[in-house]
Amino acid sequence: MVDRVAALEKHLAGYTDILRGACTTGRRLTRDELESRRAEGERAAEAGLPLRGLIRAHLSAAQQVAPYSGAPLLAVLEQAVDAFVEGYERAQHQAVRQEEAARREFIDDLLYGRSGLGRLAERAERFGLRLSQTHAVAVAAGPEPYGDGYPVARSIESAMLSRFEGRQILLTTKDGRLICVAPGDQPDVLAYFAERAYTATHGGRVAIGRTHPGPGGVVHSYEEALAALDLADRMDLPGPVLRAADLLVFPVLMRDRQAMTDLVETVLGPLRTARGGPRPLLETLTAYFDSGCVATEAARRLSLSVRALTYRLERIHALTTTDPADPLNRYTLQTATIGARLLGWPNAGE
């Protein structure tokens, strides 16, 4: 307690002399006097002293001047305290900006795998993460870009921190997307984040990467979530929440891009000769396979009659010599159809 009082009094040095000097002549505080109080306010903030106690100390010290001051005291007291608070707040704002810059630098290093892993793990402790554990990353994208401090980001952060107080969670934004990093053994955190993000973004989409260990695991999970969002756009995948673990077949298919390109061109290339081009027939194949090869459901999705759909399937068979209804041909044709969507065929390369 004594040390605290001494710390408070340290920042009052010269304060009562300034008040007496101004009150004696009836003048206002000089520029140098005001700046000295601002500087003292900055030092007090940097020392971590509470502002309420500092102001109380200022008011208490002013009582020593009151019997000798007369009317001008309140005016100069207001000036002195206002300058002190201005300096205090200036130091706080600077500290906040420095903290934000450090946090942003850490997040960039964390998500892009920069910096030494040991140093990264040390910095992570400061922001509530233990990178020795496993983590998973969820990424949410909405109809517009979001940044730290945006109402959408603030509402999600408030809800998350309220529900999971004390959990080791990192909430941030990157490249206009909302991001949540959570321990891998706490899937409820990412599930709740996905729910809140979907609501806050008015129908945005959320992708959740797999759980991976160590600092590199965060990068891996983050990249998986980004890849899942990109895949969802290209493949027009249904559902607001995508899990990288459910989409592993797609990177396998694209591991040899040239082989996939050859398959698509060999199997589907003949569709280019169809009247109206290949796109209507490719859409027919997509709907047919997405509906589980049920003709009536595929026709409904395409707003066609079953007869019209059957005609298209027969046309595909005639052009490609591959029958989508034949179990032996179906896998090749479906794989080529998926590959076409992944490659952006037939527009790719045009």
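Ser-221 sits in helix α9, residues 214–235. Helices here are DSSP runs of H or I with at least four residues, strands are runs of E with at least two, and both are numbered from the N terminus. The model is predicted: local features need pLDDT of at least 70, side-chain atom pairs count only at pLDDT 80 or more, and totals for chains, interfaces and linings use all residues. Residues are numbered from 1 along each chain as its sequence is written, and side-chain values use heavy atoms, with hydrogens and water left out.

**Ser-221**
- Ser-221 counts as buried because its relative accessibility is 0%. Buried means under 20% relative accessible area, exposed means over 50%, and partly exposed lies in between (1.4 Å probe, protein chains only).
- A polar atom of the Ser-221 side chain lies 2.8 Å from the backbone oxygen of Arg-210.
- Beyond its neighbours within four places in sequence, Ser-221 is in contact with residues including His-135, Val-137 and His-212. Contact means heavy atoms within 4.5 Å.

**Lys-174**
- Lys-174 belongs to strand β2, residues 170–174.
- At 11% relative accessibility, Lys-174 counts as buried.
- The side chains of Lys-174 and Asp-108 form a polar contact of 2.4 Å. A polar contact is a pair of N or O atoms within 3.5 Å; within protein, one must be able to donate a hydrogen and the other to accept it, and residues adjacent in sequence count only if both atoms are side-chain atoms.
- Leaving aside neighbours within four places in sequence, Lys-174 also contacts Arg-104, Leu-111, Tyr-112, Ile-179 and Tyr-222.

**Backbone exceptions**
- Most residues other than glycine have a negative phi, and most peptide bonds are trans.
- Asp-236 has a positive phi, near 55°. This residue lies in the loop between α9 and β6 (241–243). Asp-236 is exposed, with a relative accessible area of 62%.
- Thr-321 also has a positive phi, near 60°. Thr-321 lies in the loop between α14 (306–320) and α15, and is exposed at 64% relative accessible area.
- The peptide bond from Trp-345 to Pro-346 is cis, with omega near 10°. Pro-346 is in the segment after α15 (327–343).

**Whole protein**
- The protein has 15 helices and six strands.
- Its C-alpha trace spans about 105 × 40 × 35 Å along the principal axes.
- Buried residues make up 44% of the 350 residues.
- Among contacts between residues at least 6 apart in sequence, 70% join residues at least 24 apart.
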